[in-house]
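I set out to record in this notebook what I looked up in one structure. The entries follow the order in which I turned to each topic.

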Amino acid sequence: MTVNITLADRMDKIKPSPTLAVNAKAKALKASGADVLNFSVGEPDFDTPAHVCAAGKTAINDGFTRYTAVPGIIELREAVCRRLADDRGFKYTPEQIQISCGGKHGLYNMGQALFGPGDEVIIPTPYWVSYPPIIELAGARPVFLPLAEDNDFDINEAALQKCVSEKTKGIILNSPSNPTGAVFSKAGLRLVADMALKGGWVVISDDIYETIVFAGQSVPHILKVAPELKEQVIILNGVSKSFAMTGWRIGYSAGPQHIIAAMNKIQSQSTSNASSISQKAALTALNGPQEFPVMMRKAFAERLTYIMGALKEIPDLTCVAPKGAFYVFPNFSAYYGREFKGKKINNSVDMADFLLDEALIASVPGAAFGTDDFVRFSFAASMAVIEEGMRRLRKALASLC
Ligand SMILES: *Cc1c(COP(=O)(O)O)cnc(C)c1O
């Protein structure tokens with residue numbers, strides 16, 4: 001007789017992603033031949049640049065196919081240090097860098113190295129989908145800090161104060177943000193820095209979208225606003241977004257040496273190291289010509305201009321103009337309570353479902369990011385798809401009563 005194996009208690013805390021339902025449905029529709037336009041993707045629609053791919057092939061041909069040092073090959077960690085110095089003016093040594101299997105894995109290592117039961121970690125909301133589970137898997141508790149649309153999704157002092165307790169151990173910043181495209185102001189970051197200094201928190205700065213910033217926008221950094229906080233800051237970045245390398249799985253972290261050392265311990269007993277081949281490719285990405293991120297930024301900027309224009313034409317929709325990344329996050333709440341063919345749309349999941357069923361456009365409901373008033377549209381799609389998508393969106397919304 002077989003028994004039904006029960007799962008670990010921690011599995012109760014991890015909820016299935018609300019994006020999955022819409023995604024599965026979009027895929028099924030597409031497979032059945034429907035002309036689905038996909039605005040749900042969280043990765044650039046460009047191919048990895050050829051010179052980067054060539055470096056990966058060379059690594060294979062040269063037999064660079066074995067385990068590497070746990071924190072990553074020294075040349076790549078040196079290249080990361082150079083980029084942090086040249087691009088941002090931050091001084092780090094290779095011992096203060098970890099190369100991980102993607103940025104998400106770097107965050108996972110941080111969570112395991114820094115947080116545990118009894119700790120609280122503040123997560124500005126709307127948040128990236130993986131932050132709360134990474135905190136929960138470490139046994140700690142996420143505390144959600146609401147960011148208001150009418151404050152351009154910036155940090156508000158009173159709202160931040162409300163999140164603080166004697167258990168607060170850290171905060172995760174993401175600027176430019178996925179899903180809003182918003183950037184924290186200097187004043188907002190100063191508030192965080194002052195509280196972090198007072199409370200002894202660690203500040204995780206997820207800079208993964210730092211190269212995708214639109215003309216005229218500057219992205220203040222917590223370490224520029226508060227250099228005195230350096231021993232409490234850990235930077236997360238990677239090549240997934242900047243070089244369209246999501247499948248290569250290379251992320252990097254920069255922070256105080258004892259924290260990086262702890263993360264290396266976690267990595268040594270889990271994944272050992274990031275792929276040797278991908279590390280060589282990432283090395284070429286960081287050290288080679290930098291036209292690619294510039295080209296991508298320009299393409300995204302053109303698309304954004306079009307999308308913002310199209311969204312303005314749609315009644316009862318508001319949308320804060322993104323300053324970076326490749327998402328728009330319009331507020332659909334004025335449409336909640338309206339009906340289509342007798343079926344009421346009550347929330348972001350209903351809205352994303354309706355848009356998929358009736359307009360064949362796939363998006364991600366705001367509920368996935370902790371904010372139900374919104375729906376996220378990625379503009380990692382061709383201009384033709386975007387134009388048709390915006391036309392369908394407007395028509396679908398007009399059909400609600
Ligand atoms: C994409 C993304 C990452 C990292 O992605 P990886 O593919 O794991 O490198 C981290 N943070 C945010 C907010 C992202 O959108």
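**Entry 1: Ser-272 and the ground rules**

I began with Ser-272, which counts as partly exposed because its relative accessibility is 26%. I took buried to mean under 20% relative accessible area, exposed over 50%, and partly exposed in between, with a 1.4 Å probe and protein chains only. I noted that phi of Ser-272 is near 70°, a positive value in a residue other than glycine. Ser-272 sits in the loop between helix H9 (257–268) and H10. Helices (H or I, at least four residues) and strands (E, at least two) are DSSP runs, numbered from the N terminus.

I kept in mind that this is a predicted model, in which local features need pLDDT of at least 70 and side-chain atom pairs count only at pLDDT 80 or more, while totals for chains, interfaces and linings use all residues. Residues are numbered from 1 along each chain as its sequence is written, and side-chain values use heavy atoms, with hydrogens and water left out.

**Entry 2: Asp-316**

I next looked up Asp-316, in the loop between helix H11 (291–312) and strand S9 (327–328). Its phi is near 65°, again a positive value in a residue other than glycine. Asp-316 is partly exposed, because its relative accessible area is 45%.

**Entry 3: Arg-303**

I then turned to Arg-303, which lies in helix H11. Is Arg-303 buried or exposed? Arg-303 counts as buried, because its relative accessibility is 8%. The side chains of Arg-303 and Asp-45 are joined by a polar contact of 3.0 Å. I used that term for a pair of N or O atoms within 3.5 Å; within protein, one must be able to donate a hydrogen and the other to accept it, and residues adjacent in sequence count only if both atoms are side-chain atoms. A polar atom of the Arg-303 side chain also lies 2.8 Å from the backbone oxygen of Phe-379. Leaving aside residues up to four places away in sequence, I listed what Arg-303 touches (heavy atoms within 4.5 Å); among them are Phe-46, Ala-380, Met-383 and Ile-386.

**Entry 4: Helix H3**

I checked the length of helix H3 (residues 74–88). The expected span is 1.5 Å times one less than the number of residues. The 15 residues of H3 should therefore span 21 Å, and the end C-alpha atoms are 21 Å apart, which agrees. The buried residues of H3 include Leu-76, Val-80, Leu-84 and Arg-88. I found that the buried residues of H3 pack against strands S2 (97–100), S7 (233–238) and S8 (251–254), and against helices H8 (222–225) and H10 (276–287). After H3 comes Gly-89, with a positive phi near 80°.

**Entry 5: Two cis peptide bonds**

I recorded a cis peptide bond from Ser-175 to Pro-176, with omega near -5°. Another cis peptide bond joins Asn-178 and Pro-179, with omega about 25°. Pro-176 lies in the loop between strand S5 (168–174) and helix H7 (186–199), and Pro-179 is also placed in the loop between S5 and H7.

**Entry 6: The ligand**

I asked which residues are closest to the ligand. Of the 13 residues that surround the ligand, the closest are Gly-103, Asp-206, Tyr-209, Lys-241 and Arg-249; a residue is near if one of its heavy atoms lies within 4 Å. A polar side-chain atom of Asp-206 lies 2.6 Å from a nitrogen atom of the ligand. An N or O atom in the side chain of Asn-178 is 3.0 Å from an oxygen atom of the ligand.
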